[in-house]
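This short report is meant for a reader who is meeting the structure below for the first time.

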Amino acid sequence: MILLTKEHKPINSQYRNMRIAYLIAIVITILLGLASRKWSHLLLSFVAQNAGDVLWAMMVYFGFRLLLVRKNILTAIVLSFLFSFSVEFSQLYQEDWINQIRGTSLGALVLGKGFLAVDLIRYTAGIIIATVFDKLALKIVIQYFKL
């Protein structure tokens, strides 16, 4: 049996559409993050220094929203902070095996290379920005499609 919302749209369809939106947000965020590194020389110094980590945290947030679309936003926020901060603090652990992973392009993008306290501030900003975008986008979509 398919449950229906007030407007008689299947709930599963609603969640599928939200997953698609979060997947698009992830792809756009990844592309912006890679572009911010490739063309950092074209950006303001402050933006070039901070954009990568801010966008990485935004991508983490959107990833949790994609995976946990039926959960509330607060769940995604908490998990994003836990994940991002855990990855940063894991950089204090320096053993050969994990440093070899960090030595690869993908490993460096996911795990980082060395602990920087300022990254915690950048992650916080990214998660807050993503949450604001998320809430605004949801509000606009709800109003536009009269959900």
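## What counts as a pocket

A pocket is here an open set of grid points where a 1.4 Å probe fits, with protein on both sides within 12 Å along at least five of seven lines. The model described is a predicted one.

## The second largest pocket

The second largest pocket has a volume of about 480 Å³. Its lining is made up of 25 residues, and those closest to the centre of the pocket are Arg37, Gly52, Trp56, Ala108 and Leu109. Two or more lining residues come from each of the elements α1 (11-38), α2, α3, α5 (105-111) and α6 (117-145).

Sorted by class, the residues that line this second largest pocket are 13 nonpolar, 6 polar and 6 charged.

## How α2 and α3 cross

Helix α2, which spans residues 45-67, and helix α3, which spans residues 73-90, have axes that come within 9 Å and cross at roughly 135°. With that angle, α2 is therefore oblique to α3. The crossing in which α2 passes α3 is right-handed.

## Where the two helices meet

On the α2 side, the residues in contact are Trp56, Ala57, Val60, Tyr61, Phe64 and Arg65, and they meet Ile73, Ala76, Ile77, Leu79, Ser80, Phe83, Ser84 and Val87 of α3. The residues of this contact between α2 and α3 comprise 11 nonpolar, 2 polar and 1 charged.

Definitions and conventions. Residues numbered from 1 in each chain as written. Predicted model: local features only at pLDDT ≥ 70, side-chain atom pairs only at ≥ 80, totals over all residues. Heavy atoms only, no water. Axes fitted to C-alpha atoms, helices over the stretch in contact; angles between N-to-C directions. Helix = DSSP H or I, 4+ residues; strand = E, 2+ residues; numbered from the N terminus. Parallel < 35°, antiparallel > 145°, perpendicular 65-115°, else oblique. Left-handed = near helix turned anticlockwise from the far one by under 90°. Contact = heavy atoms within 4.5 Å. Nonpolar A, V, L, I, M, F, W, Y, C, P; charged D, E, K, R; others polar. 1 Å grid on protein atoms, 1.4 Å probe; cavity = no way out; pocket = protein on both sides within 12 Å on 5 of 7 lines; lining within 4 Å. Points joined across faces, edges and corners; volume = space filled by probe spheres on them.
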